[in-house]
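This report describes a hairpin and a ligand site. The structure is shown first.

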Amino acid sequence: MTRVNAKDIDFNNLGFDYMDLPYRYIARYRNGQWEKGELSDDSDLHVSEGSTALHYGQSAFEGLKAYRTPEGKVQLFRPDQNAKRLIASCNRLLMPEFPEEDFIEAAKEVVKANLDFVPPHESGGTLYLRPIMMGVGGQLGVHPAKEYIFTIFASPVGDYFKGGMTPTSFVTSDYDRAAHQGTGKSKVGGNYAASLLPGEQAKKDGYSDVVYLDPLTHQNIEEVGAANFFGITKDNEFKTPLSPSILPSITKYSLLWLAEHRLGLKVSECDIPVDDLDQFKEAGACGTAAVISPIGSLTHHDKKHVFYSETEVGPLTTQLFDTLKGIQFGTVEAPEGWIVPVD
Ligand SMILES: *Cc1c(COP(=O)(O)O)cnc(C)c1O
């Protein structure tokens, strides 16, 4: 890879692409403990061909962003939640926990070391952080690795919706993303390899992604690609599916809190039957990448359901989006503990 220079980046026209930045954080687990982590200027990992991450998918990841405020300061959004979720993923795959405090410190270090790459506030871009935990070391049998690498690399990414949110169309999938007692609620690598085929098929058919249904009955909505689902009912209730195979989105729980405490909506986590979409006046997919991606329509068994509009975004979705984005970029007052300054 060729290393990029911050001066050469057009921050107003970034996509969601990997860039080889000067620094990443890397820590190794050997002999039953974490060795002291450090910043590294080497963007290639040197791991044994026998690494469990490569053969057996013993790996988990996270995704969070650093945001520049109008004053030029840089801040993280709820990194403690990413640290906790990574610990939960590690517990599921028998990988060692990386302590929450060290996770937050490492994230700050990576941002500070690459500060020139945090896009300016007005660009709407952010510095995306990708923490990864992986089992490494020479081994053949199916058992947990003895050695691990925890790393956080960074890459500047653009505003997902330049010129404002736009609704897109989705289609339900006959594939399952995860089983109820499987790994759906863990952010582990294998889940995403398995999602490539259904996602690709949907895109070929002209949709932006698939909506997964619950693996037991295929009657309830679970996830929207690699994002969570929410709908706002005609009587102003923010509803989101409850299931053991859904990845608990930090964005979703933040929106749920804001819906209740800032917008005054009722909120609930419950079954959302795909045959009962008439209850909703607005719907969206949510996650760190886009905050909210409004769902214009959902096609299920050749029947298309339109939510608010296929071209326009509903007022409550817009209000939720503006509130959360404002908090992340430092223009709206944040609930206590949601914002962690980097510098
Ligand atoms: C990461 C992820 C999300 C979104 O989580 P955030 O914490 O909001 O970024 C939702 N669904 C899946 C399957 C994910 O992997």
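Strand E16 (residues 291-300) and strand E17 (residues 303-306) run antiparallel and are joined by four bridges. Strands pair if DSSP finds at least two bridges between them; strands (E, at least two residues) and helices (H or I, at least four) are DSSP runs numbered from the N terminus. Ser297 stands opposite Val306 in E17. Two residues separate E16 and E17 in this hairpin, and His301 in the turn has a positive phi of about 50°.

## Basis of the model

The model is predicted: local features need pLDDT of at least 70, side-chain atom pairs count only at pLDDT 80 or more, and totals for chains, interfaces and linings use all residues. Residues are numbered from 1 along each chain as its sequence is written, and side-chain values use heavy atoms, with hydrogens and water left out.

## Ligand contacts

The ligand is surrounded by 14 residues, and the closest are Lys187, Tyr192, Ser249, Thr251 and Thr288.

An N or O atom in the side chain of Tyr192 is 2.3 Å from an oxygen atom of the ligand. For the side chain of Thr288, the corresponding distance is 2.6 Å.

Note on methods: A residue is near a molecule or strand if one of its heavy atoms lies within 4 Å of it. A polar contact is a pair of N or O atoms within 3.5 Å; within protein, one must be able to donate a hydrogen and the other to accept it, and residues adjacent in sequence count only if both atoms are side-chain atoms.
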